Amino acid sequence: MQVVGHLLEIAGIGRERLQLRWVSSAEGQLFAEYVTELTQLILGSGSLDRERFKLPLAAAKQALQAPPLRWLMGMEKQLTERENVFHEKLEAGSYHLILEQRAEEEYQKALLCETLREGPKTVRQMAQETGLPVYTVSLRLNHLERSGLADVSGHEGTTFKFKLLAA
């Protein structure tokens, strides 16, 4: 839930739109209160423009499927309560910070992949479409190239254009 909430936050949707509450079947009144509270919160936030958030939602979904992030999400207990391969334990706060940073990196790479699905683009075009800084686009694009997911497809004048190889 923490990672999904973080991805919704960086996507501009807001983590408050996703909530998980544990309620017993014997707690009908409490359930009704939670539903009312969430309904009011959503109404206050306004409707979600699906077209506006099409790219961020697709990127968030793709980021959640990334093996490095999935692995890290499943290792909390091992890394914080036991130890890593170097016989070190991470503080819970450090683990969550690493998890959020990795989620953001995977989200950014997924944003670029989703943008490149439309066809070859320059770094500046990708930066403009995603809202990411040019430096961040270059950095994440480098990761995609090394992973065999993107490559140069040609050029526009002296500027390289990149394409998605596989998804």
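**View 1. Isoleucine 13 and the residues that it touches.** Leaving aside residues up to four places away in sequence, isoleucine 13 touches Leu8, Leu48, Phe53 and Leu57, where contact means heavy atoms within 4.5 Å. The model is a predicted one, in which local features need pLDDT of at least 70 and side-chain atom pairs count only at pLDDT 80 or more, while totals for chains, interfaces and linings use all residues. Residues are numbered from 1 along each chain as its sequence is written, and side-chain values use heavy atoms, with hydrogens and water left out. Isoleucine 13 is found in the loop between helix 1 and helix 2 (28–45); helices (H or I, at least four residues) and strands (E, at least two) are DSSP runs, numbered from the N terminus. Isoleucine 13 counts as buried because its relative accessibility is 9%, given that buried means under 20% relative accessible area, exposed over 50% and partly exposed in between (1.4 Å probe, protein chains only). The C-alpha atoms of isoleucine 13 and serine 45, which are 32 residues apart along the chain, are separated by 9.5 Å.

**View 2. Helix 1 and its cover.** Val3, Gly5, His6, Leu7 and Leu8 are buried in helix 1, and what covers the buried residues of this helix includes helix 3, helix 4 and helix 6. Leucine 7 touches Ala60, Ala63, Leu64, Ala103 and Tyr107, not counting residues up to four places away in sequence. Just after helix 1, glycine 12 takes a positive phi of about 90°.

**View 3. The largest nonpolar core.** Among the 33 residues of this core, Leu7, Tyr107, Met126, Val137 and Leu141 touch the most other members; a nonpolar core is a set of buried Ala, Val, Leu, Ile, Met, Phe, Trp, Tyr and Cys residues joined through side-chain atoms within 4.5 Å. At least two residues of the core come from each of helix 1 (2–10), helix 3 (54–64), helix 4 (67–73), helix 6, helix 7 (123–130), helix 8 (134–146) and strand 2, and helix 6 gives the most, with nine residues. Because domain 1 (2–117) and domain 2 (120–167) both give residues to this core, it lies between them; the domain bounds come from an automatic or database domain assignment. The centres of domain 1 and domain 2, taken over C-alpha atoms, are separated by 26 Å, and 10 residues of domain 1 are in contact with 16 residues of domain 2.

View 4. Glutamine 108 has its place in helix 6 (residues 92–116) and, with 8% relative accessibility, counts as buried. Glutamine 108 touches Leu132, Thr136 and Arg140, not counting residues up to four places away in sequence. Proline 67, by contrast, lies in helix 4 and counts as exposed, at 60% relative accessibility. The C-alpha atoms of proline 67 and glutamate 106, 39 residues apart along the chain, are separated by 9.7 Å.

View 5. Strand 1 (residues 150–156) and strand 2 (residues 159–164) pair in the antiparallel sense over six bridges, where two strands pair if DSSP finds at least two bridges between them. Histidine 155, for its part, stands opposite phenylalanine 160 in strand 2. The hairpin has two residues between the strands, and glycine 157 takes a positive phi near 70° there.
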